[in-house]
Amino acid sequence: MNYSGIKYADMINGIGIRVSLFVSGCNHGCKNCFNVETWNPNYGEEFTQKQEDEIINFFKKYGQTIRGLSLLGGDPTYPQNIIPLVSFLKKFKKELPDRDIWIWSGFTWEEIIKDENRKELIELCDILIDGKFKEELKNLNLKWRGSSNQRVIDIKKSLNSSTPILFVE
Ligand code: SF4
C-alpha cells in the first residue's frame, strides 16, 4: 500500500486533534475530486512498519491530546489497501485502545457491508464518511464531507441495526 501523506496534529478531519493518513488508490472518479493524484495506487511512498511505528509513537508521545486516527485517500477501502490497513489497525487498537478511528470511502455503507473484506476494515473503525463526492451536491458548510449525499455514520451502532445510524456530535 502506498500513501501520499500523513498529517500530524490535524484538526480538520474528524473531532479533536488527530493523525490523518492519506492512502493512494481510488477508482470512483468523482468529478472535481480534491485529490486526483491519489487515484493511482502507486502514487506516493510505500507505507511500511516504519510509518506504522511513527504514528503509534506520536500518539504515545502526546498522550490524550491526540484524540484519534483518520484514514482518507484516495479510498482506504480500495482493494489493495484493505489487508495492510486491517493489519495496521489491529496493531494500533492493541496499543491505543481508547482512541477513535474515522474512515472515508467513496463506497456507500450499503456497498461496504455487502463486501466481506471492506466490512472487516470498517468494523475496526468508529465513524465512516461514505459515498462519492458529487459536485452537484457540493456544500461548503458541511462538516467532514464535501457533498450532501455523503453521510457521517456511527459504525458500531449501525452494525447492530438494519439501517445506517448517523453520528450525532
Ligand atoms: S472517492 Fe474521494 S479520492 Fe476518490 S475520486 Fe471521489 S473524491 Fe476523489
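A salt bridge is a side-chain nitrogen of Lys or Arg within 4 Å of a carboxyl oxygen of Asp or Glu. Keep that in mind, everyone, and hello! What we have on screen is a predicted model, and I'd like to walk you through its side chains.

How far apart are the closest N and O atoms of Asp126 and Lys156? They are 3.7 Å apart, and this pair forms a salt bridge because the cut-off is 4 Å. Now find the two partners along the chain. Asp126 sits in the loop between helix 4 (116-122) and strand 6, while Lys156 belongs to helix 5 (residues 155-159), so you can see from the definition of these elements where to look. The pair links distant parts of the chain, 30 residues apart. As for Lys156, a relative accessible area of 37% makes this residue partly exposed.

The general idea is simple: side chains of opposite charge can pair when their charged atoms come close.

One joins Asp100 to Arg67, with 3.3 Å from N to O. Asp100 is in strand 5 and Arg67 in strand 4 (residues 66-72), which puts these partners 33 residues apart. Are the two buried or exposed? Asp100 is buried, at 13% relative accessible area, whereas Arg67 is partly exposed, at 39%.

The other is between Lys143 and Glu169, where the closest N and O atoms are 2.8 Å apart. Lys143 is in the loop between strand 6 and strand 7, and Glu169 is in the segment after helix 5, so this pair ties together parts that are 26 residues apart in sequence. Lys143 is partly exposed, with 45% relative accessible area, and Glu169 is exposed, with 62%. Salt bridges can also share partners: Arg18, Arg67 and Asp100 are joined into one network that way.

On to the rings. A pair of aromatic rings is described by the distance of the centres and the angle of the planes. The model has ten aromatic pairs. Take Phe59 and Phe92: their ring centres are 5.0 Å apart and their planes meet at 80°, so we call the pair edge-to-face. Since Phe59 is in helix 1 (residues 49-62) and Phe92 in helix 2, this pair ties together parts that are 33 residues apart in sequence. Both Phe59 and Phe92 are buried.

Next come Trp102 and Trp144, with centres 4.8 Å apart and planes at 75°, so that pair is edge-to-face. Trp102 is part of strand 5 (residues 100-104), and Trp144 lies in the loop between strand 6 (127-130) and strand 7 (151-154), so the pair ties together parts 42 residues apart in sequence. Trp102 counts as buried because its relative accessibility is 0%; Trp144 is buried with a relative accessible area of 16%.

Which residues do ring pairs link into a cluster? They are Tyr3, Phe47, Phe59, Phe88 and Phe92. A ring can have a charged neighbour as well: the charged end of Arg118 sits over the ring of Phe107, 3.8 Å from the ring centre.

Last stop: Asn81, in helix 2 (residues 79-95). Why does Asn81 count as buried? Because its relative accessibility is 0%. A polar atom of the Asn81 side chain lies 3.0 Å from the backbone oxygen of Ser24. Leaving aside residues up to four places away in sequence, Asn81 touches several others, among them Met1, Val23, Gly25 and Pro76.

Methods:
Residues are numbered from 1 along each chain as its sequence is written. This is a predicted model: local features need pLDDT of at least 70, side-chain atom pairs count only at pLDDT 80 or more; totals for chains, interfaces and linings use all residues. Side-chain values use heavy atoms; hydrogens and water are left out. Helices (H or I, at least four residues) and strands (E, at least two) are DSSP runs, numbered from the N terminus. Buried means under 20% relative accessible area, exposed over 50%, partly exposed in between (1.4 Å probe, protein chains only). A polar contact is a pair of N or O atoms within 3.5 Å; within protein, one must be able to donate a hydrogen and the other to accept it, and residues adjacent in sequence count only if both atoms are side-chain atoms. Contact means heavy atoms within 4.5 Å. Rings of Phe, Tyr and Trp (its six-membered ring) pair if their centres lie within 6.5 Å; planes under 30 degrees apart count as stacked, over 60 as edge-to-face and the rest as tilted. A charge sits over a ring if NZ of Lys or CZ of Arg is within 6 Å of the ring centre and within 35 degrees of the ring normal.
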